[in-house]
There are 2 protein chains.
Amino acid sequence: MSTEEKIADPEAAKPAEVPLPKKEAPPPPSGPPDTANLLTVDVALRGLLFASTLIAVLVMVTSKQTEEVAVLGIPFPVPAEAKFNNSPAFTYFVVALSVACLYSIITALASISVVLKPVYSASFLLFFVLWDVVMLGLVASATGTAGGVAYIGLKGNSHANWGKVCHVYDKFCRHLAASIAVSLLAAFALILLIILSIFSLHKKIPQ
Amino acid sequence: MSTEEKIADPEAAKPAEVPLPKKEAPPPPSGPPDTANLLTVDVALRGLLFASTLIAVLVMVTSKQTEEVAVLGIPFPVPAEAKFNNSPAFTYFVVALSVACLYSIITALASISVVLKPVYSASFLLFFVLWDVVMLGLVASATGTAGGVAYIGLKGNSHANWGKVCHVYDKFCRHLAASIAVSLLAAFALILLIILSIFSLHKKIPQ
């Protein structure tokens with residue numbers, strides 16, 4: 001770049017104050033339209049992540065249902081309540097999805113700030129994608145845990161003598177199913193976010 | 001670097017055939033020791049992934065246990081068998097971990113071939129990391145599913161009237177716990193693999 005200072009000719013070294021006419025402005029370090037497009041998709045996916053995790057948590061939390069059930073030894077049916085925190089699996093689901101929801105708010109705001117001022121985009125992307133990977137592990141495991149327990153609620157398990165409960169608590173189980181489906185969407189949004197970040201990091205190589 | 005060619009002195013420009021003694025060989029485009037180190041860690045982590053998924057599958061498959069249990073209506077205890085495919089959650093676990101095990105063999109061999117011939121390393125890394133992300137989702141959800149169901153086996157759930165089974169099938173539950181713990185290790189290996197690939201892609205930017 002600045003090879004002009006190193007010229008060995010003593011005459012050429014003299015006019016130091018003369019502006020160098022052939023020195024062009026360097027190209028912008030990060031291709032602005034392309035990176036901006038990718039970052040817009042990033043913000044959109046983080047918005048989807050926020051919406052899906054929030055809906056999953058709300059649907060799970062509002063799944064409470066009270067039904068009259070027959071209890072052995074009591075001659076009349078008694079009201080029994082089904083709620084998400086009766087099972088540690090659903091409590092874990094709510095905690096994990098709440099963490100992912102909070103994370104999506106923080107990273108969506110950070111991503112918007114990078115769109116408005118794209119200076120630190122590479123380091124932001126790198127920082128985001130590491131946490132996105134951890135969040136994917138969290139959301140995927142929470143979805144699996146809740147799904148596994150909800151499946152026993154739906155079908156029961158004759159080998160372990162676990163009876164199904166969804167024929168009694170129908171609204172509760174509909175809420176569970178909807179919540180798990182939406183959290184699966186959140187996991188896919190995280191997978192897309194990670195793939196997008198990797199492509200953004202990769203596209204910087206030839207520049 | 002090669003500023004000698006641009007010298008403005010007309011005498012210096014004359015001997016074009018004379019070899020330039022100060023011209024050094026350019027640095028290799030991809031820092032070989034650094035990239036080779038990262039790829040060696042990559043191969044080691046894929047080996048860990050292979051070992052952990054294989055152990056998890058083997059321990060889960062060999063968890064069969066037969067115990068004499070009392071059945072309502074039958075005056076004497078009858079033998080009852082506990083095995084992983086009594087529950088769809090554990091079947092899913094075995095299938096998902098088997099897929100991850102097969103994947104780890106293929107990618108470990110591909111990674112070794114990149115170490116021996118590091119030409120396509122960037123595109124290989126990009127291809128690997130996309131599938132690593134999908135595998136992480138698969139392994140994390142399988143671990144969650146099996147963990148959620150195994151926890152009911154251990155503690156039961158009084159609200160749903162699901163009794164615990166681990167006080168009877170102790171060997172079966174020990175196998176389940178070990179298998180789930182090892183699959184958690186596989187999930188961590190995948191997280192480390194993804195982070196390593198991202199750093200490898202990122203480190204290429206300044207080169």
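In this predicted model, helix 4 of chain A passes helix 5 of chain B in a left-handed crossing. The two chains are related as by a two-fold rotation axis, because chain A can be laid on chain B by a turn of 180° with a shift of 0.0 Å along the axis. The points below treat the packing between the chains, the relation of the copies, the aromatic pairs and the packing within each chain.

**Helix packing between the chains**

- Helix 4 of chain A and helix 5 of chain B pack with their axes 8 Å apart, at an angle of about 25°.
- These two helices, helix 4 of chain A and helix 5 of chain B, are therefore roughly parallel to each other, as angles under 35 degrees count as roughly parallel.
- On the side of helix 4 of chain A, the contact is made by I198(A), L201(A) and H202(A); on the side of helix 5 of chain B, it is made by I198(B), L201(B) and H202(B).
- The contact of helix 4 of chain A with helix 5 of chain B comprises 4 nonpolar and 2 polar residues, with no charged residues.

**Relation of the two copies**

- Superposition of chain A on chain B gives an RMSD of 0.0 Å.
- The rotation is 180° and the shift along the axis is 0.0 Å, so the copies are related as by a two-fold rotation axis.
- The same surface serves both copies, in that 100% of the contact residues of chain A recur in chain B.

**Aromatic pairs**

- Over all chains, the count comes to 3 aromatic pairs.
- One of them is formed by W162(A) and W162(B), whose ring centres are 6.3 Å apart and whose planes stand at 35°, so the pair is tilted.
- W162(A) lies in the loop between helix 3 (121-155) and helix 4 (170-203) of chain A, and W162(B) lies in the loop between helix 4 (121-155) and helix 5 of chain B, so the pair joins two chains.

**Helix packing within chain A**

- The axes of helix 2 (residues 88-116) of chain A and helix 4 of chain A cross at roughly 40° and come within 12 Å.
- Helix 2 of chain A and helix 4 of chain A are therefore oblique to each other, and their crossing is left-handed.
- Helix 2 of chain A contributes F90(A), F93(A) and L97(A) to the contact, while helix 4 of chain A contributes L176(A), S179(A), I180(A) and S183(A).
- By class, this contact of helix 2 of chain A with helix 4 of chain A holds 5 nonpolar, 2 polar and no charged residues.

**Helix packing within chain B**

- Helix 3 (residues 88-116) of chain B packs against helix 5 (residues 170-203) of chain B at an angle of about 40°, with the axes 12 Å apart.
- That angle makes helix 3 of chain B oblique to helix 5 of chain B, and the crossing of the two is left-handed.
- The contact involves F90(B), F93(B) and L97(B) of helix 3 of chain B, together with F172(B), L176(B), S179(B), I180(B) and S183(B) of helix 5 of chain B.
- The residues of the contact of helix 3 of chain B with helix 5 of chain B divide into 6 nonpolar, 2 polar and no charged.

Methods. Residues are numbered from 1 along each chain as its sequence is written. Chains are lettered from A and ligands numbered from 1 in the order in which they are written. This is a predicted model: local features need pLDDT of at least 70, side-chain atom pairs count only at pLDDT 80 or more; totals for chains, interfaces and linings use all residues. Side-chain values use heavy atoms; hydrogens and water are left out. Axes are lines fitted to C-alpha atoms, for helices over the stretch in contact, and angles run from 0 to 180 degrees between N-to-C directions. Helices (H or I, at least four residues) and strands (E, at least two) are DSSP runs, numbered from the N terminus. Angles under 35 degrees count as roughly parallel, over 145 as roughly antiparallel, 65 to 115 as roughly perpendicular and the rest as oblique. A crossing is left-handed if the near helix is turned anticlockwise from the far one by less than a right angle, and right-handed if clockwise. Contact means heavy atoms within 4.5 Å. Ala, Val, Leu, Ile, Met, Phe, Trp, Tyr, Cys and Pro count as nonpolar, Asp, Glu, Lys and Arg as charged, and the others, Gly among them, as polar. Copies are superposed by least squares on the C-alpha atoms of residues with pLDDT of at least 70 in both. Rings of Phe, Tyr and Trp (its six-membered ring) pair if their centres lie within 6.5 Å; planes under 30 degrees apart count as stacked, over 60 as edge-to-face and the rest as tilted.
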